Amino acid sequence: MTSGISRRARVLAAAVGTGVLVPLVAAATPAAAATPAVTCTSAKAGLAAKLKKDITAALATRKGTVAVGLYDRSTNTNCTLRASSAYDSASVVKVTVLATLLWDAKKHNRYLTDRENTLAKAMITKSDNAATSTLWKQLGMTKIKGFLTAAGMTQTKPGANGYWGLTQITVTDEQKLLKLITAKNAVLSDNSRAYILKLMGQVVSSQRWGTPYGVPSGVTVAVKNGWLQRSTNGWRVHSVGAFKGGGHDYVMTVLTHGNSTMNYGIATIQAVAKVIHKDLAAS
C-alpha cells in the first residue's frame with residue numbers, strides 16, 4: 001500500500017516537473033484574459049457592423065489599453081470598448097470642473113464672475129493647470145461630488161488632496177457628461193451648455209488633436225484633451241469631443257494608457273476617430 005502511494009506521488013511529481021500539467025492551466029488563461037471586444041448597436045442598417053469592424057481594425061496593431069465610447073443621436077448609434085475601465089483623468093476632468101462650476105452657480109441663481117470666466121476660459125482653451133487648481137479648490141469636494149451625483153456619473157472618483165488630474169474616469173461617465181452638454185436636460189441650463197461648447201470650440205490649435213481627427217468639413221467641433229505621464233502605465237492620453245453637422249449629432253470619448261510616448265497615444269486616438277467620422281459621414 002505504501003509503495004503504491006509513493007509511486008503515485010512519484011508519477012505526479014514527475015508530471016508536474018516536466019510541465020505536463022502546465023498546459024491545462026495555460027489553456028484556461030486565454031478565455032479569462034480575452035481582449036474585450038468593441039460592441040456597437042445602431043438604428044441604421046449595417047452601421048453597427050461597419051463601426052465594430054473598423055474600430056477593431058484601427059486598434060489591431062496598437063499597444064496600450066484603449067477605451068472607446070461613441071453615441072450618435074441621429075442614428076441612435078452606440079459603440080463601446082472597456083466602457084467601465086478606470087483611467088487617470090489628466091486634463092479631460094477640466095470639463096467636469098467647468099460643468100460643476102456652472103451647475104453650482106445655477107443653484108445659487110447667479111452668473112459666473114469675471115474672475116471665474118477668466119479662469120474657466122484658460123482652463124478649457126489652453127488647458128491651464130493653475131486655473132484648474134484654483135477652481136477645484138474653490139468648489140471643494142462636496143460640490144464636485146454633488147455635481148457627479150446630479151449627472152449620474154457614479155463611476156467617477158475625484159482625485160484626493162487637490163490632485164484633480166488623478167480623478168478616476170470611465171468612458172461611460174465621460175459619455176454621460178458629453179450627452180448632458182449637447183442636449184437639453186435638468187442638470188445644466190441651456191446657457192451653461194452653450195458656454196461649455198463655446199470654450200471647447202475655442203481650444204488652441206496645438207491642442208485640437210485626438211477625436212476631431214478626420215472630421216468632415218462643415219461639422220462643428222468641441223474638444224478637450226488630456227495627457228499625463230506616470231511611472232506606471234506610461235502615458236495617459238485622452239480625448240473627448242462633441243460633433244454636429246452632416247446629418248449627425250455625436251459625442252466621442254477615447255481614453256488610453258500604457259503609451260510609450262504622448263504622440264503614440266495621440267496616433268491611437270486619431271486612428272479610432274478617423275474611422276468613426278468616416279463611417280458616420282457615409283451613413
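Before the pairings, one convention: I say two strands pair if DSSP finds at least two bridges between them. And keep in mind that this is a predicted model.

So, start with strand 8, residues 248-259. How many of its residues are buried? Of its 12 residues, 11 are, so to speak, under cover: they count as buried. Now look at who sits alongside. Strand 2, residues 65-72, runs antiparallel to strand 8, and eight bridges join the two. If you want a landmark there, find Y71, which stands opposite V251 in strand 8.

Strand 7, residues 235-245, is antiparallel to strand 8 as well, with 10 bridges between them. The landmark here is S239, whose bridge partner in strand 8 is V254. Strands 7 and 8 make a hairpin with two residues between the strands, and G246 takes a positive phi near 60° in that hairpin.

Back to strand 2. Strand 2 also pairs with strand 3, residues 77-81, antiparallel again, over five bridges. V68 has L81 as its bridge partner in strand 3.

Okay, zooming out. What order do the strands take? The sheet is open, with six strands running 1-3-2-8-7-6, and the pairing is antiparallel. Strand 1 (39-41) and strand 6 (220-229) are the edges: each has a single partner strand, so one side of each has no neighbour in the sheet. From one strand to the next, the twist averages 5°.

Terms used. Residues are numbered from 1 along each chain as its sequence is written. This is a predicted model: local features need pLDDT of at least 70, side-chain atom pairs count only at pLDDT 80 or more; totals for chains, interfaces and linings use all residues. Side-chain values use heavy atoms; hydrogens and water are left out. Buried means under 20% relative accessible area, exposed over 50%, partly exposed in between (1.4 Å probe, protein chains only). Helices (H or I, at least four residues) and strands (E, at least two) are DSSP runs, numbered from the N terminus. Axes are lines fitted to C-alpha atoms, for helices over the stretch in contact, and angles run from 0 to 180 degrees between N-to-C directions.
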